[in-house]
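Hi,

Here is the structure I promised to send over. Please have a look at it below, and then read on for what I found.

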Amino acid sequence: MSNFKLWRNAFLNIHDIETKEKWNTLDIVSKYLTIIRAPILLMTASTVILGGFLAYKNGAFNVLDFLLCLLGLIFAHACMNLIDEFIDHPQKKDQTRDFRPQYGMQVLENGYITLKQWSKYLLFSGLVALICISILILRTDIRTLYMALTAALCILLYTWPLKYIGLGEPIALFVWGPLMVCGSYFACSGGVLPILNSEVFLIAIIYALGPINVLFSSHIDKIKRDQVKQAYTLPVLFGERIARHASIGFWVAQYVLCFILFLFGYISWSIVLVLFAIPAFWHAVKVFWHPCQNAETDAHKAWVPYFSATAYIYNKTFSGFFILALILDFILQIVMR
């Protein structure tokens, strides 16, 4: 397989490398994309792109600032994934039954790299993020620094202790929604704060509910493991049944908020495009309505990402149609001028 195909596979799919020998055959780029769980970073990239698009739609957009913001936040998210794995690594109790090595590629858990090698990946990701954000601050103003520090603080606190006391999901909603979308809007528009712009704020919440539900669903998958670790995520506090139904509620809220966008005149009839996600929504509801039937069997490796995988697939479907609706609305505005 060519390097390009390896990179594409690592970028689009969360997968496991069965043996260390196979891992050693990968090139450095494929290893890096696998280690940072690159497919998850696509949700962060989409959030920044959404903020940039809204800035462009409202007549204020700078390409260089957008690219700096995009790269900075992607590599910051990569840092969070690396740190999150490191924090969980020393707590491993049973490698054959632990969640993380089976949920995705966990190089520390599998012994494919040393802590020294892991630290180099973290250093690289952190430096890229820091350089991009620093240049962006110089190109805008001090408020970009405040937002960057807020994001960094949220990332560090999410990993510990917020994730362990039921506050991880709310802080992630804040980061993926108002902070990242509005912050990207601010950076790309040359310093226009959209916080008081209800249209931008609503769109940020609608979009953020998707990635947050993927995170929330992954915590449903990990309820029993997190109970053992005394990590009191919201699904642990709610219990599986309420958590599964809460996930459905998040998806319903997205459609309700889309209707509110239309009702207040923030978007045209193009919003009906999100209704094309209804078949995927109905499939996801059927999955989440019932507990995973084989959760206590030896098929542990197969069922672990059961709910989060469904949420991830549905989120890509809904988010795709939602962004298409925004683009179509923008085109219609230009045509009708």
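Q230 lies in the loop that runs between α12 (223-229) and α13 (234-238). This is a predicted model, and in it Q230 takes a positive phi of about 60° even though it is not a glycine. Is Q230 buried or exposed? Its relative accessibility is 52%, so Q230 counts as exposed.

R37 sits in the loop between α3 (28-35) and α4. With a relative accessibility of 10%, R37 falls under the 20% cut-off and therefore counts as buried.

Because 16 of its 20 residues are buried, α4 is largely enclosed by the rest of the structure. Just after α4 there is another positive phi, about 85°, at G59.

Where does α11 bend? The bend, of about 30°, is at L209, and a proline, P211, follows within four residues. Of the 24 residues in α11, 22 are buried, so this helix is largely enclosed by the rest of the structure.

The largest one has 97 residues, and the members that touch the most others are L54, I113, W251, F288, Y314, F318 and F322. Which helix gives this core its largest share? That is α11, with 14 residues.

S184 belongs to helix α10 (residues 168-188), and at 0% relative accessibility S184 counts as buried. Its side chain reaches the backbone oxygen of M180 at 2.6 Å. Apart from residues up to four places away in sequence, S184 touches V48, G51, G52, C69, L73 and L179. T144 is in helix α9 (residues 142-159) and has 7% relative accessibility, so T144 counts as buried as well. Setting aside neighbours within four places in sequence, the contacts of T144 are L136, I137 and F186.

Finally, some totals for the protein chain, in case you need them for setting up:

- The chain has 17 helices and zero strands.
- Of its 337 residues, 52% count as buried.
- Among contacts with a separation of 6 or more, 75% are between residues 24 or more positions apart.
- The accessible surface is about 16,100 Å², and carbon and sulfur atoms account for 71% of that surface.

Happy browsing, and write back whenever you like.

Best wishes

Notes:
Residues are numbered from 1 along each chain as its sequence is written. This is a predicted model: local features need pLDDT of at least 70, side-chain atom pairs count only at pLDDT 80 or more; totals for chains, interfaces and linings use all residues. Side-chain values use heavy atoms; hydrogens and water are left out. The bend at a residue is the angle between axes fitted to the seven residues ending there and the seven starting there. Helices (H or I, at least four residues) and strands (E, at least two) are DSSP runs, numbered from the N terminus. Buried means under 20% relative accessible area, exposed over 50%, partly exposed in between (1.4 Å probe, protein chains only). A nonpolar core is a set of buried Ala, Val, Leu, Ile, Met, Phe, Trp, Tyr and Cys residues joined through side-chain atoms within 4.5 Å. A polar contact is a pair of N or O atoms within 3.5 Å; within protein, one must be able to donate a hydrogen and the other to accept it, and residues adjacent in sequence count only if both atoms are side-chain atoms. Contact means heavy atoms within 4.5 Å. Accessible areas come from the Shrake-Rupley method with a 1.4 Å probe; for residues, only the protein chains shown count as cover.
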